Amino acid sequence: MNLIEARDLTKVYHRGSEEVHALKGVTLSVKTGEFLSIVGPSGSGKTGLLNILGLLDNPSGGTVKVHGSDVTHLKEKQRVVVRRDTIGFVFQQFFLIPTMTARENLELPLLFSRKKPDPKKTESILEMLGLAHRGDHLPYQLSGGEMQRVAIGRALMNDPQIILADEPTGNLDSASSEKIYDLFRDLRDKGLTLIVVTHNSELAKRADRVITIRDGILTDEEHQVCCPCA
Ligand SMILES: Nc1ncnc2c1ncn2[C@@H]1O[C@H](COP(=O)(O)OP(=O)(O)OP(=O)(O)O)[C@@H](O)[C@H]1O
Ligand SMILES: [Mg+2]
């Protein structure tokens, strides 16, 4: 079953009188439970594509379906609900609130979805992240890898079906990056779907499938291991 189906996506940005054709017809399906890597040179359209798949931005043309229903033309209010209930975002910059502890940062999304924190759930996520002993720490007391793990935990708080990550290890050393990918693989094994943009082709290979985007077009596709639901 495809969780996301994107068809003929185009994206044109307007910079003054100049038109930037960032995506030039991208068609892509992502299966439920699949871990997909997107690689490609700087400026090739990776972030633009991820933002469209995550309903943070609209394509100029083409469609995005989530669970078979077209979300391209939903009103912003409905898009917010799909985004909040289905998708967790992870970015290169961790975007933690510096004055809040790891635990409080984790629970932040609950404020927006008006859910009450469940201390047991928060502790079990901290444990899964290997941060059980770090719950009371402020971001500046954490390493980069630990901060990114808190950000991943925060993305998991609303029980998303899919994690979209844009260069999540871009600011991390290789050992911390490996740990983040270990965590992604654990989440995949638990049934989550992941789409992760990276510049690092070695890390990319740890996904089930790697796709390459160049100049707004998908250029090749490489299957690593067989996805359990393929
Ligand atoms: N808001 C915008 N206005 C104008 N042009 C934009 C805008 N956002 C992106 N672009 C252009 O679209 C193209 C694709 O950008 P995108 O950010 O998707 O690339 P990327 O593959 O994520 O690059 P990087 O690896 O450097 O993050 C680039 O040429 C970029 O300059
Ligand atoms: Mg980018």
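G45 takes part through its backbone instead, where an N or O atom lies 3.0 Å from an oxygen atom of ligand 1. On its own, the ligand exposes 640 Å², and the protein buries 65% of that (Shrake-Rupley areas, 1.4 Å probe).

The model is a predicted one, with local features needing pLDDT of at least 70 and side-chain atom pairs pLDDT 80 or more, while totals for chains, interfaces and linings use all residues. Residues are numbered from 1 along each chain as written, chains are lettered from A and ligands numbered from 1 in the order written, and side-chain values use heavy atoms, without hydrogens or water.

Stepping back to the shell, 13 residues surround ligand 1, with S42, G43, K46, T47 and G48 the closest (a heavy atom within 4 Å). They split into 4 nonpolar, 7 polar and 2 charged residues, with Gly counted as polar and Asp, Glu, Lys and Arg as charged. Helix α1 is the top contributor to this shell, giving 3 residues (helices are DSSP runs of H or I, at least four residues; strands are E, at least two).

Elsewhere, S177 sits in helix α6, residues 174-189. S177 counts as buried because its relative accessibility is 4% (the cut-off is under 20%, 1.4 Å probe, protein chains only). A polar atom of the S177 side chain lies 2.8 Å from the backbone oxygen of D173.

Conventions:
A polar contact is a pair of N or O atoms within 3.5 Å; within protein, one must be able to donate a hydrogen and the other to accept it, and residues adjacent in sequence count only if both atoms are side-chain atoms. Buried means under 20% relative accessible area, exposed over 50%, partly exposed in between (1.4 Å probe, protein chains only).
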